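Here are my notes for you, written as numbered points. Keep the structure open beside them and look for each residue as it comes up.

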Amino acid sequence: MVNQPTHAPLLSIVVPVYGVEAYLYQCLESIRADVPADESDAVELIAVDDASPDGCGDMLRSYAAGRDGVRVVHLSSNVGLGLARNAGLDVATGRYVWFVDSDDWLPTGTIQAVLDRLRQHEPDVLMLDHLRVHEDGRREVDASSHLLRGIPGVTRLADQPRLLRVQHTAWNKVVRRDFLDELELRFFPGWYEDIPFSHPLLIGAEKISVLDRVCYLYRQGRQGAITSTRSGRHFDAFAQYERLMDWVARKHPDERLQAELFQLMISHYLVVVGNDGRLHPHLRRDFFHRAAAHYRRYLPSGGYPLPAGVAGLKHRLVGRGDWVAYSALRQAHRVAGRLRRPGPAGGVETGSATTDEDPSRAAVTATTQDAGPSPRRHDALAGGRLP
């Protein structure tokens, strides 16, 4: 049973919880301890125990006891991140909702800054900046953070199209609850659940506000995170992109928008297929051919902005379904990486194995080509001769 609050808060923070016993308290405290005393009625924290197999359920019961503004939903069976978020959303009473992952945390001063901006702009979507935090404590600016700079007031995606290329996660956006209902958006089951949720938020929003401040600390390298887990479940990305493309075709059939999303989709597929941390070698060929099938299915009739350099070459190989050439290119890239890698004494290390760049970072890097020269357009599947 979930106790209902006696008032409607401005902000509901939904935290789905599964297998994060070592990180849960830090996450919850970073939220509750950051709520100013005079803002306690403005924020509710809803933790969703997704039938966690460790001690998270008991931790949540203990944490909620005697703490106002903390509510816990216990699910009888594990449903996954997306559906656990839905369960929290179903009982949320705030005007705005923010989905925070339970292995991440908020820096001091975040809650007040978010509340102030929500009151000031009353946006459909408030976008937030974040830092990546590695296991050794190193903090890293995200490759897409620069896209949030210099956007005062409120805007729309049509006026700031670069916002579509900011990392497509749910946790870097605070969303007006009624706006979610207007768009009929909920999370779908499976991995990569943010894809058909995050993009439509920006596409449909009439008022987007950007808080150019680090409001979220994103943990890297945690065991069990999908970006560092080898699994066939990475194939879930195809169903999620199908849902996104179907939504766009029904709600916003704009060719330029479809072209931008198409480039993002193919770049994302290339990140997954190229990274040893996500796919077993025996699954890589099948994933590539599934990506090629989506290329043929969704290629806009007017073409799309093709990335420059090697990234663009990989796009063309996907479009042609040329697994042999892609495999050779990938292997050459890996060999070159080993040769360039500096050794422990400042020399060149040639004997150690290497992988492609960090998958979560690459997902962003591969989709921010607008920072460089104007990309070419790829207007047909054949794409001409390879350089």
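Predicted model: local features only at pLDDT ≥ 70, side-chain atom pairs only at ≥ 80, totals over all residues.

1. Residues are numbered from 1 along each chain as its sequence is written, and side-chain values use heavy atoms, with hydrogens and water left out.

2. Now the overview. The chain has 12 helices and 11 strands; helices (H or I, at least four residues) and strands (E, at least two) are DSSP runs, numbered from the N terminus. Of its 387 residues, 55% count as buried. Buried means under 20% relative accessible area, exposed means over 50%, and partly exposed is in between (1.4 Å probe, protein chains only). If you take the contacts in the chain with a separation of 6 or more, 79% of them come from residues 24 or more positions apart; a contact here means heavy atoms within 4.5 Å.

3. Back to β9, which covers residues 208-219. Nine of its 12 residues are buried, so this strand is mostly covered. Strand β5 (residues 125-133) pairs with β9 in the parallel sense over eight bridges, and D129 has V214 as its bridge partner in β9. Strand β7 (residues 154-155) also pairs with β9, in the antiparallel sense over two bridges. Two strands pair if DSSP finds at least two bridges between them.

4. Next, have a look at β2 (residues 43-49). Seven of its seven residues are buried, so the strand is largely enclosed by the rest of the structure. V43, L45, A47 and D49 point one way, E44, I46 and V48 point the other way, and all are buried. Strand β1 (residues 11-17) pairs with β2 in the parallel sense over seven bridges.

5. Helix α1 (residues 24-32) comes next; its buried residues are L24, C27, L28, S30, I31 and R32. What do these buried residues pack against? They pack against β1, β2, α2 (56-64), β3 (70-74) and α4 (110-121).

6. How do α1 and α2 sit together? Two packed helices are described by the angle between their axes and the distance between the axes. The axes of α1 and α2 come within 11 Å and cross at roughly 30°. Axes are lines fitted to C-alpha atoms, for helices over the stretch in contact, and angles run from 0 to 180 degrees between N-to-C directions. The two helices are therefore roughly parallel to each other; angles under 35 degrees count as roughly parallel, over 145 as roughly antiparallel, 65 to 115 as roughly perpendicular and the rest as oblique. α1 passes α2 in a right-handed crossing. A crossing is right-handed if the near helix is turned clockwise from the far one by less than a right angle, and left-handed if anticlockwise. L24, Y25, L28, E29 and R32 of α1 make the contact with C56, M59, L60 and Y63 of α2. By class, that gives seven nonpolar, no polar and two charged residues. Ala, Val, Leu, Ile, Met, Phe, Trp, Tyr, Cys and Pro count as nonpolar, Asp, Glu, Lys and Arg as charged, and the others, Gly among them, as polar.

7. The axes of α6 (residues 195-204) and α7 (residues 236-251) come within 8 Å and cross at roughly 25°, so α6 and α7 are roughly parallel to each other. Their crossing is right-handed. I195, P196, H199, P200 and I203 in α6 meet Q240, Y241, R243, L244, W247 and V248 in α7. The residues of this contact divide into eight nonpolar, two polar and one charged.

8. Finally, check a few loops. A51 lies in the loop between β2 and α2, and has a positive phi of about 50° although it is not a glycine. With a relative accessible area of 26%, A51 is partly exposed. E184, in the loop between α5 (177-183) and α6, has a positive phi too, near 55°. At 63% relative accessible area, E184 is exposed. S301 is in the loop between α9 (281-298) and β10 (304-306), and counts as exposed at 68% relative accessibility.
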